[in-house]
Amino acid sequence: MENETFDPPFPCEALMPVIAGATHFIQRTNQTPVEMGACSVLAACASVCQGLYDVKWRENKKSPSTLIILIDAGSGERKSAIDDIAFLHIRLFNAAQALLAEEHEHEYQANVALWKQKVKEIRKLISKLCARDECTDEEEDRLEELLLEEPEKRKFAQMLVVESTGPALAQHLHSTYPYAGLITDEGITVFKSGVLSDLGMHNKLWEAGNWSSDRITRKRVVLSDCRLSIYIQSQPGVTDNYLEDRGKLFHATGFSSRILYARPKSTQGARLEEFIDISKEIIEPYHARVRELLKEYEGPEVPKPQELTLSKPASELLAWYSREIEKELGEGKRFFDMRGAASKSTENAARIAAILHIMEKRNGPISVEVIRNAIKLAAWFLNQFRKRFSPRSQLELDMISLEEFITDRIAPRFAKERSVPGPYLCRYAPRHLRQIDRLWETLKGLEHRNKVKVWGSKGDSWHVHLADWFPPPPVPVHPIDERPQRFSRFDRPWYVREPVKPEVTNDGYELWPGVYLK
């Protein structure tokens, strides 16, 4: 696989204050890559938010706020230390709920035993009355009432699942609690346990769909409206081994398309001997918000997710992002070999936006500011996915080859003219690009990324302006009222319009080469 040249830094500014504060605290405390802290915090937030809020991001399209995140990080990157901070209060909540569940279990078993005894006694009575050929209507009515009074086992929230198998996970969501996070800092425990053996089940859980399983050895298990966020930190070699064994299904089932993938650059070798002391006040808003959301799960009833919507500007911006992705799905385009992941990126952006909105405790529809930040994060994960799972297309390789040729051979030769005739390129370009159709397609690819400007048609006289290598000198633009009112059609106007620049945000954030966030 060729290495990807476009590798933007993680957009820390997109995390917004609450999550950014926690990420910064983790990064400074452990001196780990900022991406690792951000992913752990996002995964923890998804585990807390998923049972409380869904997001309606398109007409008749609603998604849960669950996320699936996979990180490749080598040994010694302090994965456990990061999780200990990000999931601190969720684990404390889990432990407290487990104690309450244990106390309730004793009471529940006693009530069930008493109920069973009552049912047994009334059935005996009905049997005796039948034997004496006496009326049993009253006793039968009582039995029906009693059967409806069977004690119900209260569900206590168990938000995290660390080690499990596929059937055990399904049983947990069915019987114990319908919302959970599958969290591990040792990817091998997930890859080897078989919890990912039924990827179809995980696909259904990601979209909060219905899934059922019938086995001779156990009762029928039905999962309806359940939520499962997954966060796996794995060593690269462990992930490689899993993909060698299960890689075809991993991609063919579409499970990989739902993943937010990251492989941070290691900070080992650049860490200080002592940990940096940083005020805990910076992470307290995150902990406070997590505790506040966890209280929603303490009641006797399982909470039902509320629906978040997008404001009109936010919806329009997300639709624009979807269209820009669609442009890159065609053959030879940037995301052609990873169309599944690219197509799901818009939905992942909406889910991330919902989490940012919830953690910031904002009211009303999700704003365009939140969507813009979510798009930055989703696009960054998409570029990371491409580096890991999708090789470059032949067109991209040709574009790189032509760029290097222009830099080494064409730019010095045509520095004065600032453009090169098309026939010259056809004659002297790298041998594999001298065929006119292939060269033209490569030039159009560079033009799409604002590297060159092609003037003319392929079959006629044409030349290539080297926009990126030699930008045109500034041309004075006279005010409109100073322009001549009349001139002959044979005269050349002495004013030049400013070139149209791509519409970008104030920070000029580039989602991928040549595409800037509006």
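Contact, in these notes, means heavy atoms within 4.5 Å.

**Ground rules**

I am working from a predicted model, where local features need pLDDT of at least 70, side-chain atom pairs count only at pLDDT 80 or more, and totals for chains, interfaces and linings use all residues. Residues are numbered from 1 along each chain as its sequence is written, and side-chain values use heavy atoms, with hydrogens and water left out.

**Entry: Tyr 286 and the cores**

I began with Tyr 286 and set aside its neighbours within four places in sequence. Its contacts are then Val 18, Ala 22, Val 41, Ala 44, Cys 45, Ala 86 and Met 359.

Next I looked up nonpolar cores, meaning sets of buried Ala, Val, Leu, Ile, Met, Phe, Trp, Tyr and Cys residues joined through side-chain atoms within 4.5 Å. Buried stands for under 20% relative accessible area, exposed for over 50%, and partly exposed for what lies in between (1.4 Å probe, protein chains only). The largest core has 120 residues, and Tyr 286, Tyr 321, Met 359 and Leu 511 touch the most other members. Helix α13 (residues 368-389) gives the most to this core, with twelve residues. Apart from that core lies another of 22 residues, among them Leu 395, Val 420, Ala 429 and Leu 439.

**Entry: the sheet**

I counted 16 helices and 15 strands in the protein. Helices (H or I, at least four residues) and strands (E, at least two) are DSSP runs, numbered from the N terminus. Two strands pair if DSSP finds at least two bridges between them.

Ile 69 has Tyr 231 in β8 as its bridge partner.

**Entry: Ser 63**

Is Ser 63 buried or exposed? I found it buried, because its relative accessible area is 1%. Ser 63 sits in strand β2 (residues 61-64). Not counting residues up to four places away in sequence, Ser 63 touches Asp 54, Val 55, Trp 57, Glu 347 and Arg 351.

**Entry: whole protein**

Of the 518 residues, 48% count as buried. Among contacts between residues at least 6 apart in sequence, 73% join residues at least 24 apart.
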